[in-house]
Amino acid sequence: MLRIPTLTLLFFVLSNFSKPYPLPLSVLPSKLSPSHSVSISLGSPPIDVALIVDSGSHHLALPCSHDLKKGKGKGKGGDYEVGKSISAAYHDCESCPHETQCDGGFCVHTQGYSEGSKWTSKTVTDKVSNLGVESKSLTESTIYCITEQTGMFEDQPEDGLLGLARGADLLQSFGSSESSSPPSYRLCMTPVGGYIDFEPSDSDSGSDSDKLDAPHSQLIKNTNDYYSVKIDHIALGGVLLQCNKVYYNRGKGTILDTGTTDIYLPRDCRASFEKIWRDLTERAFHNDEAYYDYAEFEMLPSLVFYVAGGTEFTVHPSSYMEGTDTLGHFTCRIYLDEQYGIIVGAFGLQYHAIDFEGGGVRIKESECW
């Protein structure tokens with residue numbers, strides 16, 4: 001039998017206990033499009049909440065009143081409520097966060113979405129914990145406590161949103177004067193889960209040992225601090241789309257947005273996309289539910305994005321074709337109606353490990369183990 005000295009074993013356990021670990025992602029059953037969520041804790045005492053991971057927004061937002069939750073109650077410790085947390089404090093009007101305004105002595109913010117959903121909130125500061133990283137195990141962040149909500153927010157099974165765009169409230173709370181590197185995190189999604197890691201590399205020491213073995217793709221500057229990359233080419237089934245590449249990168253550019261489910265390409269690419277699709281599959285392209293047998297599904301083409309700087313990532317049919325309740329029936333979740341720019345939602349990012357860094361991204365195909 002191998003005998004390990006007690007002190008050596010104790011040192012090994014303690015040193016590894018303090019190392020960062022990824023947090024698992026969940027895909028909760030829903031009548032809406034599936035979303036990836038992570039469980040973290042808010043307040044004192046800590047209450048577990050399930051939040052959609054959203055690289056396309058900035059705020060940690062959820063209802064903080066039991067009246068709005070309508071019995072969701074997915075947190076293991078019960079619903080998070082400001083009045084029950086001894087560490088929670090509403091912002092006064094002299095310290096309102098950016099984009100909020102004073103109303104009735106509170107800092108108020110309203111957020112609307114293109115599909116019609118909307119929420120209104122009051123901001124508080126409170127503790128955030130259970131983030132998988134000892135150095136960030138307990139931090140303070142701005143929380144947008146939703147007081148009114150409409151549309152998909154009333155029906156989603158998750159408790160709220162965790163905004164993770166550049167400059168997001170939670171990421172800013174990780175900032176340290178000892179580190180010149182911007183906050184970063186790694187995300188890897190599958191149809192049923194995946195993981196998020198809030199400390200994928202040792203940025204303080206400058207070590208690259210834990211960074212993805214993939215090219216660093218610079219981000220396009222934009223007013224909303226999206227993770228927008230420059231696209232050189234797009235291929236469908238190995239055939240380059242014949243459309244004006246200006247539309248790939250104009251406006252918002254090509255956004256990697258985990259809070260959106262689908263993939264949206266410029267309408268300028270429609271004619272080329274539909275022709276290539278028909279040539280390869282012998283079927284007309286559409287977004288309606290349709291039956292595919294095994295041979296027909298095998299004929300579906302992969303979509304490849306060629307990112308400036310040498311990165312490329314592939315979206316396979318198993319990611320962009322969503323199965324329905326009827327066996328063998330699928331719906332294509334690629335849409336060809338953006339005026340400018342591209343949105344690559346969660347379906348397009350599945351089975352890729354992505355390092356979201358302050359000035360760029362690294363993307364590498366992965367099983368997300």
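## A partly exposed cysteine to start

C93 is partly exposed, at a relative accessible area of 30%; that label covers whatever falls between buried (under 20% relative accessible area) and exposed (over 50%), using a 1.4 Å probe and protein chains only. Its partner is C102, and the S to S distance in this disulfide is 1.9 Å. For the word itself, a disulfide here is a pair of cysteine sulfur atoms within 2.5 Å. C102 has 45% relative accessibility, so C102 counts as partly exposed too. The torsion about the S-S bond of C93 and C102 is 70°, a right-handed link.

A quick word on the model: it is predicted, so local features need pLDDT of at least 70 and side-chain atom pairs count only at pLDDT 80 or more, while totals for chains, interfaces and linings use all residues. Numbering runs from 1 along each chain as its sequence is written, and side-chain values use heavy atoms, with hydrogens and water left out.

## The other disulfides

How many disulfides does a search of the whole structure find? The search turns up 5. Counting bonded cysteines along the chain, they pair up as 1-6, 2-4, 3-5, 7-10, 8-9.

C96 and C107 make one of these links, with their sulfur atoms 2.1 Å apart. The torsion about the S-S bond of C96 and C107 is about -90°, which means a left-handed disulfide. C96 sits in the loop between β5 (89-90) and β6 (101-103), while C107 is in strand β7 (residues 106-112), so the bond ties together parts that are 11 residues apart in sequence. As for the names, helices (H or I, at least four residues) and strands (E, at least two) are DSSP runs numbered from the N terminus.

With -80° about the S-S bond, the C64 and C145 link is left-handed. C64 is buried at 9% relative accessibility, and C145 is buried at 4%.

## Strand β20 and its partners

Why is strand β20 (residues 303-307) described as largely enclosed by the rest of the structure? Because 4 of its 5 residues are buried. On one pairing, β20 runs antiparallel to strand β15 (residues 231-236) over 5 bridges; two strands count as paired if DSSP finds at least two bridges between them. Within that pairing, L236 stands opposite L303.

Strand β21 (residues 311-315) is also antiparallel to β20, again with 5 bridges, and here V304 faces T314. β20 and β21 make a hairpin with 3 residues between them, and G309 in the turn has a positive phi of about 105°.

## A buried loop serine

S44 belongs to the loop between β2 (37-42) and β3 (47-54). Is S44 buried or exposed? At 19% relative accessibility, S44 counts as buried.

Which residues does S44 touch, leaving aside its neighbours within four places in sequence? K84, S85, I86 and S87 are among them, along with D126 and K127. Contact here means heavy atoms within 4.5 Å.
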